[in-house]
Amino acid sequence: MSNKVFASVALAAALALAAVTQLIPNEYFFTAAYTVLLFVILATAWNILGGYTGYVNFGSAAFFAIGAYTTVFFYNAFKAPLAVGIVAGTLVAGLAGLGLGYLTLRLRGVFFAIASLALAVVLYVFVVNWDYVGGARGAYVLQPREIPFGMPRYIHLIYSVQLLMAAFALVVARAIEKSTMGRGLAAIRDDELAAECSGVPTLRLKIFSTMVSCALMGMAGTTFPYYLSYIEPSSAFSLSYAVNSIAMPLIGGMMSWIGPLIGAVLLGTVQQVVQVTVSSAWNLLIVGVLLVLFVTLAPNGIMGWVDAWRRRKGR
Amino acid sequence: MMAQALLEVRGVTKRFGGFTALDGVDFLVRSGERVGLIGPNGSGKSTLVNCIAGTLRNEEGSIRFEGEDICGHAAHRRIRMGLARSFQIPKPFASMTVLDNLCVPLLYAARKHEKLAPGRIVEEAVRILEQVGLAGRARAMSGGLTQVDMRKLELARAMAAKPKLLISDEAMAGLSASEVDDILALLFGLKEQGVAVIMIEHVMRAVMKFSERIAVLVAGRKIADGDPQAVVGNAEVVKAYLGE
């Protein structure tokens, strides 16, 4: 399937899904689905660098928060609409990724991972002390009263936007995977030195994939302040984003765009169900247990299973 | 001078901390030439290869390829110019099939100077696999190959970059006599295509048979360079290998 065809299919699927689900009367569905979609974007974005290129980013929450707080900043400064926040947040997070990549990716190995974790801590402290975006108190972002497309509540809109953004993230991830660049990234993941000696411009590709990955993470966060109408640092920088964006691709499979999607839908849904039926404190525990199970039993994730099964069948 | 020098290494020095791995090495390779590079373990052969290929930077001296100073070029630029190397310890792209392994240099290096149409990449990869005798394993995952096949893949991947100079770093260590002959035949085939080859090898039978010229490195210095028979008869070379 060519990129254009896939993009059309993804867009059509997202629009259809958005339209059909509008009929669901239970409003909580949208609140829960928004979170699952948020994780679809985060996991897909993380996988572009973590899965395709093999560089682990522990700082997903930082880029998510960059997206969220860019929205807050533009809201405070210009009362800018959501669309402005989305574009600006994506760009700022991408620039932050570019900077982080440029500074750390010249060195091979764990430096990037450590720096990404450090960035999350530094940014957290920065935001806590930045009064203009609410500091430690948090900030209110009022949902507009008029809702387009005749939707009953703002959450319906936010959910639909998130659905479209998830489709966009998947299209980007798939396009990269199937391109010449995707092959170059896979070569870097397998053996960076051999990749460089096969003509792959490793530094440039690593920095580019970091930038795209971080930009998409930022994009996931841009709608977040509108989601609850309120945002504060500890929810924007929550550990759950960093953990989930690693765990979901790992469980779904890191070699292709579909793995993070499966992982995020599965794990995200389980977490939402448990949050309602059992307790919200159980969330990360469930992720932890599933992670241990998968790492020991199916290290290549669900898609790894499927691929192995397909190869056996093909023989 | 006969032909223009393809590779011209002048006074290259490389230090690791206080240890001097290469000490003012001069080394010349002409277009289409077959050169053997020998020396005891730790004499600096691999360091020299790494400096030429760009995975290490030399502190002093100059390296020119087709007359262009390449000391400041990253490794991927050097291979795009036509300077390929294989690794002593095979480094396959383990998550890819054998065929896909070749597509990486075909896409990223060969396409830069060979003008390969995108549709011909796979075709070309298959052709190279046939040359090295790996066509039957094209769809196999490269991580599961045998040692011999991995060595062949290593050479095939270097060949896929369509180099003008190929540096073969101990491609034959630990192989049986008939396997050594296989790889020798492969390297002789490259000569026919006009590719210059630097062979680094401990298998003397292969080096003697293959090389038009042999250079000897000992403790980071070149102590001999010339006709193979003359070089192995050289008293200094014998001393370096066998002691006094």
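Two residues are called in contact here if their C-beta atoms, placed from the backbone, lie within 7 Å. With that in hand, take A:Ile41: leaving aside its neighbours within four places in sequence, A:Ile41 is in contact with A:Met165, A:Ala166, A:Ala169, A:Leu216, A:Met219 and A:Ala220.

Some ground rules come next. This is a predicted model, in which local features need pLDDT of at least 70 and side-chain atom pairs count only at pLDDT 80 or more, while totals for chains, interfaces and linings use all residues. Residues are numbered from 1 along each chain as its sequence is written, with chains lettered from A and ligands numbered from 1 in the order in which they are written.

**The core**

A:Ile41 also turns up among the residues with the most contacts inside the largest nonpolar core, alongside A:Leu42, A:Phe64, A:Ala65, A:Leu216 and B:Ala156. That core has 178 residues. A nonpolar core means a set of buried Ala, Val, Leu, Ile, Met, Phe, Trp, Tyr and Cys residues joined through C-beta atoms within 7 Å. Buried means 20 or more other C-beta atoms within 10 Å of the residue's own, exposed means 12 or fewer, and partly exposed is in between, with C-beta atoms placed from the backbone. Helix 2 of chain A (residues 28-50) supplies the largest share of this core, 15 residues. Helices (H or I, at least four residues) and strands (E, at least two) are DSSP runs, numbered from the N terminus. On the chain B side, the core draws at least three residues from each of domain 1 (1-82 + 163-244) and domain 2 (91-162).

**Where the chains meet**

The contact between the chains takes 17 residues from chain A and 21 residues from chain B. On the chain A side, helix 7 (180-190) and helix 8 (192-196) are the elements that give two or more residues. Helix 7 of chain A gives the most, with six residues. By class, the chain A side divides into eight nonpolar, five polar and four charged residues. For the classes, Ala, Val, Leu, Ile, Met, Phe, Trp, Tyr, Cys and Pro count as nonpolar, Asp, Glu, Lys and Arg as charged, and the others, Gly among them, as polar.

**A helix pair in chain A**

How do helix 13 and helix 15 of chain A cross, and at roughly what angle? The axes of helix 13 (residues 258-277) and helix 15 (residues 301-314) come within 8 Å and cross at roughly 125°. Axes are lines fitted to C-alpha atoms, for helices over the stretch in contact, and angles run from 0 to 180 degrees between N-to-C directions. That makes helix 13 of chain A oblique to helix 15 of chain A; angles under 35 degrees count as roughly parallel, over 145 as roughly antiparallel, 65 to 115 as roughly perpendicular and the rest as oblique. Helix 13 of chain A brings A:Ile258, A:Gly259, A:Ile262 and A:Gly263 to the contact, and helix 15 of chain A brings A:Gly301, A:Ile302 and A:Met303. The tally is four nonpolar, three polar and no charged residues.

**Two domains in chain B**

Chain B is divided into domain 1 (1-82 + 163-244) and domain 2 (91-162), with bounds that come from an automatic or database domain assignment. Taken over C-alpha atoms, the centres of these two domains of chain B are separated by 24 Å. Their contact takes 15 residues from domain 1 and 15 residues from domain 2. On the domain 1 side, the elements giving two or more residues are helix 2 (75-81), strand 7 (165-169) and helix 6 (177-192) of chain B. Helix 6 of chain B gives the most to that side, with six residues.

**Single residues worth a look**

B:Leu7 sits in strand 1 (residues 5-16) of chain B. Leaving aside its neighbours within four places in sequence, B:Leu7 is in contact with B:Leu28, B:Val29, B:Ile52, B:Phe65 and B:Leu165. B:Lys162 is in the loop between helix 5 (147-160) and strand 7 of chain B, and its phi is near 55°, a positive value in a residue other than glycine. A:Lys79, in the loop between helix 3 (60-78) and helix 4 of chain A, has a positive phi near 50°. Most residues other than glycine have a negative phi.

Here is how some residues score for burial:

| Residue | C-beta atoms within 10 Å | Class |
|---|---|---|
| B:Leu7 | 23 other C-beta atoms within 10 Å | buried |
| B:Lys162 | 23 other C-beta atoms within 10 Å | buried |
| A:Leu91 | 15 C-beta neighbours inside 10 Å | partly exposed |
| A:Lys79 | 10 other C-beta atoms within 10 Å | exposed |
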